Amino acid sequence: MAETKKTSSRRLGRTPDGHSRVSMNRLKILVTTVNRAKADFYMDHIQSFGVNMQMVFFGKGTAPQEILAAMGLADSDRAVIFSVIGEDRLPAALESLEEKFRTIAGGKGIAYTVPLKSIIGKSIFNFLSDNRS
Amino acid sequence: MSTSNHELIMCIVNTGFSETVMEAAKDAGARGGTILNGRGTANKEAESFFHIAIQPEKEVVMILVDSKIKDAVLHALYQKAGLDTMGQGIAFSLPVDEVVGLTPWKAEEKDGKVSAQSSTAKNG
């Protein structure tokens, strides 16, 4: 009986605990750490890649003053932007961020992604993945 | 863009102990981190039952590190800023898929051995 149940849940694309499994356009959290003065610029830029929800936290960097100066940064005030982004838009977003980090004066930063494991609510999932169809 | 060998270490400590965290992390090979301020919550009933007071003001230290030194950094944080210390810290790591913007870096030799071989995080 347990085996039958397992087979049928696999056919439905569900995990053994009954949750739906997403195999296309998984969501990730894009974490972008930049100079605080550039936070709004980067948030607008990330939003242009179909990101519908972002949160920004203000904090401080811990790098020594010599390294900051070498990187062209004047102070240690930082903004950490958390953006929920679909896997399909990620390569373009990261490529563009990398270019901005290199070319914008005082715009140096780092960005990385952390995979999202679960989410509850179909409409929330569609909102976060900008699925308008 | 690089498919990374990095992990994100998050360490939540009492306010004022982020320097202890960063010192421990740097000794284990990390390069820098970002400190955020936060407020912790605790079960009031449990606090009075166990006769302990939880300081609500917290600092969250985010450190991106090479996977190779992740265990060493977590171990150092546990020793220097763990729950048995004044910092009352907890630390955990999250997987990181892609990284951009990291400056290539090589650690200086310390006590005859290199503390971190490749680029670890510098986000400060």
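Let me start at the strand pairing between the chains. Strand S4 of chain A, residues 109-115, is joined to S6(B) by 2 bridges. The two strands run antiparallel. Within that pairing, A:Tyr112 sits opposite B:Val99 of S6(B). Keep in mind that this is a predicted model.

Now the whole interface. Chain A brings 30 residues to the contact, and chain B brings 24. Together the chains bury about 2200 Å². Carbon and sulfur atoms account for 62% of that area. Why quote an area at all? Because the size of an interface is often given as the accessible area lost when the parts come together.

Which elements of chain B give two or more residues to the side touching chain A? Helix H1 (18-27) does, and so do strands S3 (34-39), S4 (57-66), S5 (90-95) and S6 (98-100). By class, that side of chain B has 13 nonpolar, 7 polar and 4 charged residues.

Last, chain B by itself. Chain B has 3 helices and 8 strands. Along the sequence, the order is β-β-α-β-α-β-α-β-β-β-β. Chain B has 124 residues, and 44% of them count as buried. Take the contacts in chain B between residues at least 6 apart in sequence: 76% join residues at least 24 apart.

Technical notes: Residues numbered from 1 in each chain as written. Chains lettered and ligands numbered in written order. Predicted model: local features only at pLDDT ≥ 70, side-chain atom pairs only at ≥ 80, totals over all residues. Heavy atoms only, no water. Contact = heavy atoms within 4.5 Å. Buried area = accessible area lost by both parts, 1.4 Å probe. Helix = DSSP H or I, 4+ residues; strand = E, 2+ residues; numbered from the N terminus. Nonpolar A, V, L, I, M, F, W, Y, C, P; charged D, E, K, R; others polar. Pairing = 2+ DSSP bridges. Buried < 20%, exposed > 50% of the residue type's maximum accessible area, 1.4 Å probe, protein only.
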